[in-house]
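This briefing goes through the structure shown below, topic by topic. Please keep the sequence and the coordinates open while reading.

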Amino acid sequence: MIWLFMVALVAIAAIFLGARRRVALALAFLLLVGVFAVFVSMQWGNEGLGL
Amino acid sequence: MRRPVTLDLAQRLNALGAIVAALVIAGAWYFEFSTHEAPCPFCLMIRICFTGIAIGALLNVRFGVRVAHYGLCLLFAVVGMVICFYDVVSSYPPISSWGSTPFMGLHLPTWGFISFAAAAALLGAVMFWEAQFRGTPADTESTPTPWRYLGYAAFALIAVITAGNIIIGYTVCGASLTCAG
């Protein structure tokens, strides 16, 4: 999962160093999709919420 | 028509928002280190969502205030709410899987849910301030020095917190792609 934090750090560095806005937004969206994908992949097939 | 005062204020508030998001993660660090308990994978994902909110705020600081940046913050808040909600209901009643002791009667995932809900509500409210979207963004060089340092502090703080989370994440999940195995 550390790849998500790495993407976040790269996004922060890109914003600070003045990369193109599109690049920064793309990295942020990669982070957003990535965290949701990891969450879904961890829970796939784990139905019932344990209640 | 350039409206630097309004825009500068919005950018400063976004810098403060990024600092608050970083401090929330720092609070989780405090619980982690004071109780000597490693965070669960859910907790790491919650931290990523707070980092995402900070990134959206930093985009506003660097490139000027845009609706898309607030939208990004809102999406991270929603994903964070989903993860927190699942974390709370999937391990009810709150037991050792959450590790940390309750803070003011609630465990950290519950506080996370409340924080993300509050952030989403705040973002919705901030969108009513339409004047912030007009005009040219104030660049870093033209901003008075103390406020420029506020932006730098926001960048530095969230960068240090994220770098620390890389180390913590490695100790919890190793190099695993999803932390599932």
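A residue is called buried under 20% relative accessible area, exposed over 50%, and partly exposed in between (1.4 Å probe, protein chains only). By that rule B:R47 and B:E32 are both buried. The model is predicted, so local features need pLDDT of at least 70 and side-chain atom pairs count only at pLDDT 80 or more, while totals for chains, interfaces and linings use all residues. Residues are numbered from 1 along each chain as its sequence is written, chains are lettered from A and ligands numbered from 1 in the order in which they are written, and side-chain values use heavy atoms, with hydrogens and water left out.

**Chain B as a whole**

- Chain B has five helices and zero strands, where helices (H or I, at least four residues) and strands (E, at least two) are DSSP runs numbered from the N terminus.
- The order of elements in chain B, read from the N terminus, is α-α-α-α-α.
- Chain B has 181 residues, and 48% of them count as buried.
- A contact means heavy atoms within 4.5 Å. Among contacts in chain B with a separation of 6 or more, 78% are between residues 24 or more positions apart.

**Interface of chain A and chain B**

- Chain A contributes 33 residues to the contact and chain B contributes 43 residues.
- About 3,500 Å² is buried between the two chains, 83% of it on carbon and sulfur atoms. Buried area here is the accessible area (1.4 Å probe) that two parts lose on being put together, summed over both.
- On the chain A side, the residues that lose the most area to chain B are A:M1, A:F5 and A:R21, which together make up 22% of what that side buries.
- Helices α1 (2–16) and α2 (21–43) of chain A each supply at least two residues of the side that touches chain B. The largest share of that side, 14 residues, comes from α2(A).
- The side of chain A that touches chain B consists of 26 nonpolar, five polar and two charged residues. In this grouping Ala, Val, Leu, Ile, Met, Phe, Trp, Tyr, Cys and Pro are nonpolar, Asp, Glu, Lys and Arg are charged, and the others, Gly among them, are polar.
- Four residue pairs are in polar contact between chain A and chain B, both residues at pLDDT 80 or more. A polar contact is a pair of N or O atoms within 3.5 Å; within protein, one must be able to donate a hydrogen and the other to accept it, and residues adjacent in sequence count only if both atoms are side-chain atoms.

**Salt bridge**

- Over all chains the structure holds one salt bridge. B:R47 forms it with B:E32, with 2.9 Å between the closest N and O atoms.
- B:R47 lies in helix α2 (residues 41–63) of chain B and B:E32 in helix α1 (residues 4–35), so the pair ties together parts 15 residues apart in sequence.

**Cysteines**

- One disulfide is counted over all chains, a disulfide being a pair of cysteine sulfur atoms within 2.5 Å.
- The disulfide joins B:C40 to B:C43, with an S to S distance of 2.5 Å. The link is right-handed, with 80° about the S-S bond, and both B:C40 and B:C43 are buried.
- B:C49 is in no disulfide, and the nearest cysteine sulfur, that of B:C84, is 7.7 Å away. B:C49 counts as buried, at 0% relative accessibility.
- The sulfur of B:C73 is too far for a bond, because the closest cysteine sulfur, in B:C49, is 12 Å away. B:C73 counts as buried, at 2% relative accessibility.

**Individual residues**

- A:V35 lies in helix α2 of chain A and counts as buried because its relative accessibility is 0%. Not counting residues up to four places away in sequence, A:V35 touches A:L4, B:M45, B:I48, B:C49, B:V79 and B:I83.
- B:N165 lies in helix α5 (residues 145–173) of chain B and counts as buried, at 0% relative accessibility. With residues up to four places away in sequence left out, B:N165 touches A:F5, B:I25, B:W29 and B:R47.
- B:L122 lies in helix α4 (residues 108–126) of chain B and is exposed, with a relative accessible area of 56%.

Definitions and conventions: Salt bridge = Lys/Arg side-chain N within 4 Å of Asp/Glu carboxyl O.
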